[in-house]
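I opened this notebook to record what I looked up in the structure, entry by entry.

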Amino acid sequence: MTPRERIIATINRQPTDRRPVDLWCTPEVLDTLRDYTSVQDELALYGALDIDKIVWIFPGYNGRYFDPNDSGEITMWGVPTRMVKAGLATYQEYINPPLAGYDDPAQLADYPSWPDPDNFDYAGAIALADKARSCNFATIGPWISHFEIYCQMRGIENALLDTLAYPEFLDATLERIDAIQTVMLERFLQELGDRIDMIFISDDMAMQDRLLVPPETWDTFFRSRLKGWCDLIHRYGKKVFYHTDGAAAPLIPGLIECGIDILNPIQHICPGMDTAKLNEHFGDKVIFHGGIDNQHVLPHGTADDVVAETLACLETLGKGGGYICCSCHNAQAGTPVENILAMVETVKNFT
C-alpha cells in the first residue's frame with residue numbers, strides 16, 4: 001500500500017498491510033533528519049524514512065505565506081509575533097493582542113484586520129496538495145480554530161476572563177471568527193476537491209492537568225460552532241481531524257457528538273488520558289492520532305524506551321485498529337534521530 005492508501009484505510013477502519021506511522025516535528029528535528037538522510041526535500045525525506053506523512057496544506061494569505069519561524073510577522077488576524085529561544089528550540093509567540101483594549105461588541109465593526117476569505121491563496125494550496133499527491137501522501141488542511149484565534153487576538157488572560165465577565169463580547173467575536181473561516185473553509189473544500197483528505201481543526205481546550213474552561217462553558221460557546229464545521233466538512237465527504245492538547249478527557253464525548261473523526265494528540269501523561277481507557281470508551285467512535293510522549297520519552301529516553309512506549313500505544317490505542325501512530329504533537333528540538341527511527345521501525349514491524 002502507498003502511504004496515503006494506508007492512512008485512508010485506517011481512518012475508514014479498513015484492513016491495511018501494516019499500521020501507519022506519521023511524524024510531527026519542529027524545524028530543528030527536521031534538519032537533523034535531513035543531515036541523517038542527506039535528503040533535503042521534505043516530502044522526499046518522509047519517503048526515504050518510510051513515514052506515512054499526512055501533509056499539511058496551508059493556503060497563503062494576501063500574497064504571502066505566514067511562516068511560523070519568522071520573527072516580526074503579523075498574522076492574517078492582525079496579531080504581532082516575536083521569536084523566543086527556549087533551550088535548543090526557537091518558538092514563535094503572539095504578542096500585543098490587538099483586541100485587548102476592546103470592551104464593547106460594537107467596536108468589532110471598526111477592527112481593521114479581519115481577514116477577507118477572498119484573499120486566501122487557494123491556487124497555491126492546490127499546488128501544494130498536488131505535490132503531496134504526486135508523492136502518494138494523504139493531505140490535511142487548512143487549519144481553522146475558534147478559541148485559539150480568540151486567545152491570540154484578545155490575550156489568554158482576557159480570553160479566560162471573558163468566559164465569565166464578558167460573555168457577550170466573547171460570543172460576538174467568536175461569531176466573526178467563525179463566519180470568516182466558514183466562508184474560507186467552504187471555498188477551500190470546493191477548490192481542492194479530492195486533493196484534500198482531512199480538515200484540521202485546532203482548539204486547545206486543556207492544560208497538563210485540567211481543562212482551560214469547564215465543560216459547561218465549552219457547551220455554551222464552542223459546541224454548536226464545532227458541530228457546524230463538522231457538518232460542513234462531512235457534506236463534502238471529508239474527515240474531521242481535531243486537535244487539543246492536555247487533559248481533555250471530559251470533552252471527548254462532546255467532541256464525538258459534534259462529529260470529529262480523528263482525535264489528536266493523545267497526551268497520555270495527563271490525567272484522564274490513559275490510552276487503554278480511552279480505547280475502551282471511545283476506540284469504536286473515533287480514530288486516535290499521536291500518543292508517543294514528546295516531553296520525556298522521545299527527547300530524553302533511550303531507543304529501547306521509545307520501542308516500549310510505541311508498543312504500549314500500539315497495543316492500547318491501536319487495539320481493534322483505528323490508530324495512526326505519531327509523536328504526541330511535535331518531536332522537540334534535540335530529539336535523537338535514533339529515537340525517531342525507533343518509533344518508525346517499531347510501528348512498521350508491529351504485528
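Predicted model: local features only at pLDDT ≥ 70, side-chain atom pairs only at ≥ 80, totals over all residues.

I then turned to His 329, which lies in the loop between strand 9 (323–327) and helix 13 (337–349). Here too phi is positive, at about 65°, although His 329 is not a glycine; at 26% relative accessibility, however, His 329 counts as partly exposed. In helix 1 itself (residues 3–11), I list the buried residues as Pro 3, Arg 6, Ile 7, Ala 9, Thr 10 and Ile 11.

**Entry on cis peptide bonds.** I looked up the bond from Gly 141 to Pro 142 and found it cis, with omega near -5°; Pro 142 lies in strand 4 (residues 138–144). The bond from Asn 264 to Pro 265 is likewise cis, with omega near 5°, and I place Pro 265 in the loop between strand 7 (262–264) and helix 10 (275–282).

**Entry on Ile 199.** Is Ile 199 buried or exposed? I find that Ile 199, in strand 5 (residues 198–202), is buried because its relative accessible area is 0%. Leaving aside neighbours within four places in sequence, I recorded its contacts, among them Gly 141 and Pro 142, together with Leu 185, Phe 188 and Leu 189. The contacts of Ile 199 also include Ile 233, Lys 238, Lys 239, Val 240 and Phe 241. I also took a distance to Leu 30, which is 169 residues from Ile 199 in sequence and 24 Å from it in space, C-alpha to C-alpha.

**Entry on helix 7 and its partners.** I first took helix 4 (residues 122–134) with helix 7 (residues 167–192), which pack at an angle of about 50° with their axes 10 Å apart. Angles from 65 to 115 degrees count as roughly perpendicular and those under 35 as roughly parallel, and helix 4 and helix 7 are therefore oblique to each other. Their crossing is right-handed. On the side of helix 4 the contact is made by Tyr 122, Ala 125, Ile 126 and Ala 129, and on the side of helix 7 by Met 184, Arg 187, Phe 188, Glu 191 and Leu 192. By class I record seven nonpolar, no polar and two charged residues in this contact.

Next I looked at helix 6 (residues 156–165) and helix 7, which pack at an angle of about 115° with their axes 6 Å apart. Asp 162, Thr 163, Leu 164 and Ala 165 of helix 6 meet Pro 167, Phe 169 and Leu 170 of helix 7. This contact has five nonpolar residues, one polar and one charged.

**Entry on helix 2.** The axes of helix 2 and helix 13 come within 10 Å and cross at roughly 85°, and the two helices are therefore roughly perpendicular to each other. Val 29, Thr 32, Leu 33 and Tyr 36 of helix 2 make the contact with Val 337, Ile 340 and Leu 341 of helix 13. I count these by class as six nonpolar, one polar and no charged. I also looked up Thr 37, in helix 2 (residues 27–37), which, neighbours within four places in sequence aside, is in contact with Leu 45 and Leu 49.

**Entry on the nonpolar cores.** Which residues touch the most other members of the largest nonpolar core? I find Met 153, Phe 188, Trp 218, Leu 226 and Ile 260, out of 96 residues in that core. Helix 7 gives the most to this core, with ten residues. Apart from it I noted another core, of 13 residues, which includes Trp 24, Ile 54, Phe 200 and Ile 324.

Conventions: Residues numbered from 1 in each chain as written. Heavy atoms only, no water. Axes fitted to C-alpha atoms, helices over the stretch in contact; angles between N-to-C directions. Helix = DSSP H or I, 4+ residues; strand = E, 2+ residues; numbered from the N terminus. Parallel < 35°, antiparallel > 145°, perpendicular 65-115°, else oblique. Left-handed = near helix turned anticlockwise from the far one by under 90°. Contact = heavy atoms within 4.5 Å. Nonpolar A, V, L, I, M, F, W, Y, C, P; charged D, E, K, R; others polar. Core = buried A, V, L, I, M, F, W, Y, C linked by side-chain atoms within 4.5 Å. Buried < 20%, exposed > 50% of the residue type's maximum accessible area, 1.4 Å probe, protein only.
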